[in-house]
Structure formats: structure tokens, C-alpha cells
Amino acid sequence: MSVPETRDSGQELPLPWDDTAQELYEHAPCGYLTTLPDGTVVNVNETFLSWTGYGRADLVGRKRLRDLLGVGSLIYYETHVAPLLRMQGEVREIALDVRCATGRRMPTLVNATLNYDADGAERVIRVTVFDATERRRYEAELLQARRTAEESERRVRVLQQVVADLAAVPTASGVARAVVAAAGPAFGAADGGLWVVDGDRKQLVLAAAAAHAGFRDVALSAAGAAATVVRRGEPVVLAGAAKLRTELPEWAPALLRQGRQGALLVPLTAHEAVLGVLVCTFTEAHAVSDSELQLARLLGQQAGQALDRARLYDEVRLREERAVFLGEVSRDLDGVTGLAERARLLAEMVVRGVAAYAQVRLAGEAEVLAEAGEPAATGTDIELPLTVRGAVAATLTLRPHGGLPVPDPAFLAELADRAAPALENARLYEREREVARTLQRSLLAGEPPGDLRFTVEACYRPAGGGLEVGGDWHDAFLITPDRLAVVVGDVVGRGLHAASTMGQLRSAVRALAAAEAGPARLVEQLDRFVDRVETARMATVAYAEIALDTGTMTYCCAGHPPPLLLPAHADPETLWEGRSAPLGSRAGRRSRAEATVRLVTGDRVLLYTDGLVERRDRHLDEGLDRLAAMFATRRRSPMKGLTARIADAMLMGGEPPDDDVCLLCVSLGTEPRLERTIPADPYRIKAVRTDLKGWLEFRGVDEDSADALLLALSEAVANAIEHGYRDCADGTVTVTATQLGDEVILRVADKGTWREPRPDDPARGRGLFLIGKLTDQMEINTDGGTTVTMRRQVAGG
Amino acid sequence: MLFAHGFGCDQNMWRYVAPAFEESHRVVLFDHVGAGKSDLLAYDPEKYDSLNGYATDVLEIVEELDLRDVVFVGHSVSAMIGVLAVVRDPGRFAGLVLVGPSPRYIDDADYVGGFGKADVDELIDSLDSNYLGWSSAMAPVIMGNPERPELGEELTNSFCRTDPAIARQFARVTFYGDNRADLAQVAVPSLVLQCADDPIAPTPVGEYVHRAIPGSSIVHLTATGHCPNLSAPEETVAAIRAFLAT
């Protein structure tokens with residue numbers, strides 16, 4: 001067996017053919033280019049020419065390397081390859097696309113070296129070019145795969161971001177904004193808008209949009225992609241202006257105006273229902289990839305669920321707000337009393353809560369009782385009848401804010417249920433208060449008897465706050481020609497009941513007094529009366545009878561503050577005798593005590609209700625002491641206006657009292673100064689004459705003088721009524737009479753217009769002539785009305 | 001003098017030009033964030049989504065080093081970055097040298113920038129082809145050893161290596177940008193250096209810049225291509241010197 005001969009490892013293997021360097025260059029398995037430093041081709045091998053299809057003459061001296069590159073490669077060459085060559089003398093494995101003669105792009109990998117000559121100057125660039133078609137295809141696939149992966153990762157990030165954003169916004173409008181904001185990052189959209197399906201599923205209502213004036217709501221019955229998306233629950237891609245016009249007719253003009261060329265409509269779904277549509281718009285006819293569609297579906301689901309959740313949240317929140325609002329309506333309306341105030345507050349609250357404008361009208365009245373908000377606001381009015389016990393008491397008209405949802409019927413019904421009784425109660429309350437006031441005024445208005453043996457002054461101060469009237473009253477009347485009754489009482493409670501009870505008690509007192517049984521018996525009988533009139537129970541009363549001939553006063557205080565006596569020449573005295581419990585109190589014995597005190601001329605007695613002396617922050621004794629002091633300092637004050645002055649002083653600074661206050665002062669004997677004010681009515685002259693006659697008699701004025709003064713008075717008052725008030729029927733005339741030593745001064749004043757007596761007015765001229773004859777001196781002052789002052793010397797007095 | 005490199009490489013672009021001014025000027029070189037040896041962690045895609053982000057950096061450098069009477073020399077896209085910086089704070093600058101500037105690369109109506117949108121997309125493809133594998137293999141080496149930059153330099157093509165994502169965004173910002181309106185605001189002496197036969201910034205574009213910047217001058221270099229700072233440093237230096245002398 002023979003062993004084959006082995007070759008020495010270092011031995012040259014003889015080639016079976018001649019392979020010259022030129023041959024090697026021309027047919028090397030790579031393209032080979034030699035260029036000048038500026039890239040001009042000076043040599044190129046056959047391999048490159050055959051790959052690219054160029055002829056040698058096309059390239060050498062005519063083209064530069066960069067002229068053979070695609071644009072992308074060209075930029076890359078200029079910005080990367082050329083600088084690198086110069087900085088490091090060579091570049092390796094550069095991927096460049098070579099443009100072949102046919103226009104085909106040949107992917108290549110290029111190595112290049114820059115050669116320098118002996119002086120270090122750039123001499124030549126040698127370039128080898130490898131066909132990398134297959135490799136680049138593979139790389140392109142890798143690249144594509146990577147881009148897809150990156151894109152997919154980006155989508156996941158977008159989706160995660162959207163989900164995070166959606167989780168952070170509780171309201172439907174917030175969800176809409178977040179979804180619209182995602183349109184750009186998710187799909188590369190220029191912008192977008194979001195429409196929600198309305199409650200009746202009839203319309204798509206714009207919920208959020210990037211500043212698109214042209215976007216409008218769309219009816220779901222309309223043809224086009226928006227309705228289709230809602231019906232099918234699948235995304236729709238619209239590419240190109242024509243598609244936009246046919247599929248989105250409502251929005252296309254605005255979209256095209258803004259250079260939009262495509263749109264992607266994404267349904268927002270939750271529980272298999274389409275709640276809305278996200279519209280992404282594109283500046284070019286956008287080809288939507290499958291993965292983008294997938295993302296669109298996912299986004300639509302996420303957004304739909306968020307919208308669903310946000311709607312629930314909105315609804316709950318709205319209900320809470322409405323409940324709070326309704327609670328406030330009830331509470332705040334209770335806080336004011338007047339009908340007009342309540343109506344105004346109601347209108348204001350409605351405007352604050354749910355409407356742009358609101359007004360309240362009473363049933364059957366054309367006039368607006370109250371309004372609030374902007375009367376020029378546009379919108380459809382909602383007329384809300386406010387019904388109480390089946391009858392419409394008032395109408396609340398409200399105009400919802402444009403663009404906001406109309407308040408739901410249940411809420412409106414609830415609002416009406418709360419507003420109606422509040423308004424109706426205020427109306428009833430006002431009517432009752434008015435009736436009570438009228439009643440009280442009529443009961444208190446009775447004039448005290450005119451008698452020169454005594455003077456009665458009274459005043460009534462209602463409690464502050466404009467609330468209901470109280471049950472305080474005062475009265476003075478003659479039981480017999482010589483017996484005067486004075487009374488001040490206080491009925492428990494307020495309002496119409498109290499006022500009418502007061503009236504009943506007042507009448508009862510007058511009726512019972514006629515029996516002339518005396519104060520204690522009278523009050524005992526009042527007790528029996530109160531047994532039948534439950535509302536009068538626990539009323540208090542101070543009752544006194546004064547014998548005018550003797551000056552004896554018998555009095556009885558049933559649960560009432562003690563009368564205050566101010567003797568003409570001594571300190572004030574509180575009359576603590578004759579006390580017993582309030583009417584009908586059933587405490588202790590049913591018999592009443594009475595006491596007697598002797599009055600002389602000039603003595604004053606004050607009856608009053610507890611409101612005058614009782615204060616929350618003060619002891620009763622303090623109030624009584626204060627009242628006594630006040631009373632004492634006004635010993636010389638005229639009777640006229642005395643009670644009002646005391647009330648003012650006691651109630652301090654004109655502040656309305658907490659409780660009603662009623663005062664009555666009786667003065668025994670006539671006033672030193674007579675003062676009467678009568679309406680400008682000739683029939684009232686007689687009363688003044690009577691009073692003046694008594695006053696003059698009381699003063700012991702001689703009969704001639706008295707007659708003369710009475711006649712002068714009649715003439716002067718008649719003149720004032722006839723001439724001063726010729727043009728005005730409701731003036732008053734004030735008569736005062738004073739005595740200064742042996743001179744009586746009589747003054748008649750009116751506030752009318754003085755007229756010079758004319759020759760053709762004989763009656764008036766005669767009047768003044770007569771006065772001149774009857775008195776010693778007459779002055780006429782026409783400053784602000786007319787005052788006629790007459791003086792006459794009298795005998796006696 | 002503050003030298004700013006353009007899209008593609010780093011401050012090494014100025015290696016033949018900057019030294020010529022070291023005697024007469026304080027010379028400051030820097031890498032834009034995302035390029036060269038800059039701290040890639042400082043790259044904020046939002047900030048650098050427009051050239052203004054880069055202009056802010058230029059102004060920060062000027063501020064930090066308290067540079068005054070700055071002559072800003074910007075190559076390629078940095079020419080526009082310089083324009084933005086000068087417009088925002090003219091007081092700091094004494095001159096502006098724009099090497100191969102273009103205010104807008106993409107054609108627009110009558111304006112000829114030289115490129116279409118599709119061309120830019122092709123560039124992005126080209127970038128991607130050349131950066132394949134960059135982020136997975138090389139990034140850890142470079143980014144993980146900022147204190148040992150030589151690790152990165154040993155790698156091929158290191159001067160022009162950029163994170164592909166950053167390169168893509170920079171390319172978009174550069175080539176989709178439109179700074180034509182800013183040119184008229186430049187209020188410092190300006191020089192446009194225009195190469196013959198520059199495929200990135202063709203001569204009409206350079207002349208457009210020259211016309212738009214009030215009082216600017218233009219020098220047409222005999223150098224070809226887009227990088228006279230590398231291909232014809234002497235001519236470039238001479239032109240800048242002549243400008244500085246005026």
C-alpha cells in the first residue's frame with residue numbers, strides 16, 4: 001500500500017491559469033473605485049460597472065462618488081462619511097445605496113481609504129463596494145421588525161398614558177379632553193374631537209375638541225361614517241378629501257379648510273354599547289395600519305369605560321349638588337319672611353344653581369314679583385307651576401344656561417315642591433299680618449274721651465324685625481260721667497289670633513265696666529270670660545277706675561307690671577298693691593285684690609306693658625327704677641307726646657323693642673296748656689270749642705272773656721279751614737291756649753297758603769274784623785303756613 | 001470664538017480650523033447634547049424637539065463661561081442654531097460665521113431648499129442602516145464608561161457616532177426646520193461661507209441667507225462639498241480671518 005505524498009504547508013500552489021493584477025482588479029468580487037479627494041472618479045473596475053450598468057466613460061472624469069448615491073445616502077455621505085474620511089483616513093462598513101444606470105438602487109457596503117502624497121496632501125480615495133442586497137434586505141427586515149416593535153411599544157406607552165390620564169379625571173368632560181389629547185400621540189393625528197351619544201340616542205353631541213369652530217353635533221339618523229361607527233361599534237378610516245365629503249358631510253367643509261385629508265373614527269364602547277365617537281383628523285390621507293386599528297379599538301374601550309364611569313360620577317355628583325341646592329332653597333327661603341323677599345331669593349338661588357335667568361309671578365298676576373339673572377339670556381324658558389293644595393299659587397320661570405343640560409323633570413318637581421309652600425306661606429303670612437295690623441290699628445285708634453277734668457295720652461310701639469303684631473292694648477273710657485276707666489293689657493302670643501283676642505278682651509272690659517262693680521270684680525269676671533276664650537288665658541291687665549269728682553283711683557293688676565304714680569309735688573311711687581295672677585291662671589284663689597289711692601289735680605299715673613321695663617340683660621327692678629326716674633324728670637313736660645317721649649327714652653336710641661310696648665298716662669286735672677290738633681273739617685270745630693270752654697272754665701276765666709275767646713277761636717279756625725286749605729282737603733289745624741298771668745293767649749296754626757283778604761270776600765274780611773274786636777291784640781304770621789295769635793286780658797284765673 | 005459642529009459628527013470637525021484662531025482668540029469648542037462625548041443622559045427629547053433647545057445650550061455656555069464679544073462659528077445646522085442664539089441675546093455676540101447654512105432644506109413654493117420630504121425619510125433610513133446594532137452592542141460601552149472616553153474612541157467611526165434615536169430626531173429637527181423668518185432678526189455682523197457644489201446647502205440657499213440677514217457678507221469658497229472646514233481648512237480660515245479683520 002502506498003501513502004500519498006503530502007504537500008509542504010509553505011509551498012506556493014501553482015495557479016492553473018494566468019491571473020494578472022489587472023485581471024484581479026477588474027474582476028475582483030467587489031466594486032472598486034478610485035477617486036480624487038473631491039470624489040471625482042478616476043478609475044473604476046468592471047465588477048462595479050457590471051453591477052451598476054454604467055459604462056466606464058459615463059463615470060471616469062464625469063461623476064463623483066456622491067453623484068452615484070441615492071439622496072438619503074448622499075446626505076449621509078456628506079454629513080458623516082466625507083468628514084470621517086478626512087478625520088480618520090478611512091471609513092468601514094458604511095451602508096450606502098448606489099443608483100444604478102437603470103435607476104435601481106443597489107444596497108452596498110462601502111469601505112474607503114484616503115491616501116496622502118509625500119507632502120501630506122490628500123491624493124486619492126480608494127473605495128471598495130460590496131453588494132449587500134441580500135444582507136440589507138435582511139437588515140431591512142430587522143429594521144422593520146425593530147420599528148414595528150418600537151411602534152408597538154410606543155402604542156402601549158400611549159395606551160398606558162391614556163389609561164392613567166383617564167383614571168385621574170373624574171368628570172365626563174375631563175375624560176373627553178384626555179381622549180382627544182391622546183389622538184396625536186396614538187395615531188399621529190393633527191387633532192381630534194370627541195362626541196358623545198346623547199341620552200335619547202338621537203344625536204352625537206360635541207364633548208371636547210381641539211379648537212374646531214366647524215365641528216357641529218350630528219344626528220344619528222344622518223347618513224355618514226359617524227352614525228355608522230355608533231351603529232357598528234367598529235373604527236372607520238377615511239382617507240382623502242372625497243371620502244371626508246361623503247362620509248362626514250357635517251364637518252368636511254371645516255376639516256378641508258384646515259387642510260385635513262383624512263380621519264379615523266373610533267367608537268367609545270362600554271358594556272357593548274357605543275357611548276361616543278373619537279374623531280382623529282390627519283393632514284394627509286392617512287393609511288391606518290392593523291396595529292393602529294387594534295390600538296384604536298383598545299383606546300375606544302378604555303375611553304368608553306372611563307366615560308361610563310365618569311358619567312356615573314357626574315350623575316352622582318349632580319344629584320348631590322342638586323340635593324344640597326334643594327336643601328339650601330328650603331333653608332334659605334325659611335330665613336326670610338316677606339313674600340317679595342322670598343320670591344327674590346328664590347329667583348337668585350335658581351340663577352346661582354341652575355339657570356341663566358329666573359322670574360317669579362303670582363298666580364293671576366301679570367306683574368313679575370321677582371327676577372334674577374340675565375333677562376337677555378337666550379334659551380327656552382321652562383314654566384314651573386308652584387302648586388299648593390292643588391292650586392297654582394305662583395309660577396317660576398327659568399331659562400337654563402345655553403349649552404348646559406336642561407335640569408331633569410324630577411329635580412324641577414322637587415324644586416317646585418319646596419318653593420311653592422315657602423311662597424304660599426309667605427303670602428298667607430303677609431295677608432294675616434296685614435289683617436292683624438289693621439285690626440290692631442282700628443282697636444287702638446279710638447280717641448280718648450275729651451274731658452277737661454283729665455287728660456289721657458297713650459302710645460304703642462310694635463316689636464322690631466317687622467314681625468307679627470303683638471297683643472298689647474290700651475283703652476280709656478268713661479263708665480259714668482264722673483268715672484274714668486283706664487286699662488293696659490297684654491295678650492300672650494302674636495299675630496292675628498293675639499290681635500283678635502285683644503279686641504275681645506278690650507270689648508269685654510268695656511262691657512263689664514258698665515256694671516260699676518269695681519276693678520277687682522271686673523277682673524274676676526274677666527277670668528270667667530277667659531275660661532271661654534282660651535287664647536286670652538294668661539293675658540295680663542292693669543285696670544284702674546278714677547272717680548273724677550273725688551280723685552279716688554281704685555286699681556287692680558292681674559299679672560301686670562305695677563302702675564307708676566307721679567304726684568304733682570312728690571317723688572314717683574310704684575303702686576304695688578292690688579296685685580294678683582294673670583287672667584285665667586287658675587292659681588290660688590279666684591278672688592281678685594284691688595287697691596285705692598287718692599289723686600289730686602296735677603297727679604299723673606302711668607300704665608304700661610312689660611316690654612317697657614323688661615330686658616333680657618337687666619333685672620326688672622332696674623327697669624322700674626329707670627322708668628320712675630324718667631317719669632320724674634318729665635314732671636313738667638306737657639302731656640301731649642309724653643308717653644312717646646318716655647317710650648323713646650326707655651327704649652334707648654330709637655332701636656325697635658324686642659317686645660311690643662304699650663303705655664298709657666292719665667293726668668288728673670286739666671293741662672296748663674291746651675293743645676288740640678283737628679282735621680281741617682268745619683264739623684270738628686265744635687270739639688275744640690268744647691275743650692277750650694272747659695279749659696277756660698277750669699281756670700275761672702270770666703264769662704265775657706270766655707265767650708269772646710270762644711268766638712275768636714271759631715272765626716280763626718273757620719278761616720284756616722276755608723282759606724288756608726282751599727286747595728287741599730287733608731290738612732290739620734292746631735289750636736293752643738296758654739295763660740300768662742291775666743292774659744290768655746290763643747294760637748290757631750295751619751300749614752296752608754295764606755291769602756290776603758280781598759274786598760270781594762266779605763265773609764273772611766268780617767272774620768278778621770271780628771277777631772280784632774274780640775281780642776286785645778292779633779298777630780298774623782304767614783311763615784310756613786299761617787299762625788294767628790290772639791291775646792286778651794281776662795278777669796279771674 | 002465659539003465653534004459649533006453640525007449634524008453628523010462632533011467638535012472634531014473643527015480640528016483644522018479652530019487652532020488657527022487660538023492665538024488671537026479664546027477658542028471654545030463643544031459637542032451638542034447627543035453628539036460626540038456629550039452626556040447622553042442630558043438628552044431630553046422634548047427640549048431638543050426644535051433648534052431652540054440647542055440655542056438655549058449655546059446661550060448657557062456663553063453665560064456659564066461669561067463669554068463676551070463672541071464670534072459664533074456654526075457649521076451646517078449649527079449656523080441656524082447660532083442665528084437663534086444671536087436673536088435671543090444679541091448683546092453677547094460680536095459676529096456670526098455661517099458655514100454652509102440653510103434656513104430650510106425642504107422646498108416650499110418658490111423657495112428651493114434642495115430636498116423633498118421623501119428625501120429626508122430616505123436619510124432616516126440611511127441613518128438606520130448605518131446604526132443597526134449600535135444601541136445594543138456599543139451603547140453600554142460608551143454610556144457605561146463616561147470617565148473612560150477612550151473606550152468609545154477606539155471604535156470605528158467614533159467621531160460621527162450617535163445614538164440612532166437621537167440621530168433620527170436631530171435629523172428631523174434639522175431637515176424639517178424652517179428658520180427663514182429668524183434671519184431678518186440677526187443684528188450682528190454676519191458672514192456666509194458658501195462652498196461650490198454643496199449638495200446639502202446649495203449656492204442659491206447660501207445666497208438666500210446672505211440676502212435675508214441684514215448687512216451680511218458672503219464668501220464663495222472654491223472648496224466643494226459640505227465640509228470646507230475639513231476639505232479646505234486654509235481657505236476657510238482665511239475667509240474667517242478676513243471677516244474678523246473688518
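**Annotation, helices and sheet**

Author: An unreviewed UniProt entry lists residues 38-69 of chain A as "domain: PAS"; such positions are given in the numbering used here, feature names are shortened, and annotations may be inferred rather than shown by experiment. The model is predicted: local features need pLDDT of at least 70, side-chain atom pairs count only at pLDDT 80 or more, and totals for chains, interfaces and linings use all residues. Residues are numbered from 1 along each chain as its sequence is written, while chains are lettered from A and ligands numbered from 1 in the order in which they are written.

Reader: How far apart do the end C-alpha atoms of residues 38-69 of chain A lie?

Author: Helices (H or I, at least four residues) and strands (E, at least two) are DSSP runs, numbered from the N terminus. By that assignment the span is 34% helix and 12% strand. The distance between its end C-alpha atoms is 15 Å.

Reader: What span does helix α6 of chain A reach?

Author: Helix α6(A) covers residues 172-187, 16 residues in number. The expected span is 1.5 Å times one less than the number of residues.

Reader: Which residue follows α6(A), with a positive phi?

Author: Within the helix, buried residues (20 or more other C-beta atoms within 10 Å of their own, C-beta atoms being placed from the backbone) include A:V175, A:V179 and A:F187. Beyond the helix end, phi is positive, near 70°, at A:G188.

Reader: Which strands are the edge strands of the open sheet in chain A?

Author: The sheet has 4 strands in the order β13-β12-β15-β14 (chain A), with antiparallel pairing; two strands pair if DSSP finds at least two bridges between them. Strands β12 (355-362) and β15 (391-400) of chain A are joined by 7 bridges. Pairing on one side only marks the edge strands, β13 (368-373) and β14 (382-388) of chain A.

Reader: Which element gives the largest share of the side of chain B that touches chain A?

Author: The contact takes 28 residues from chain B and 26 residues from chain A. Two elements of chain B give two or more residues to its side, α3 (117-131) and α9 (228-231). The largest share, 9 residues, comes from α3(B).

Definitions and conventions. Contact = placed C-beta atoms within 7 Å. Buried ≥ 20, exposed ≤ 12 C-beta atoms within 10 Å, placed from the backbone.
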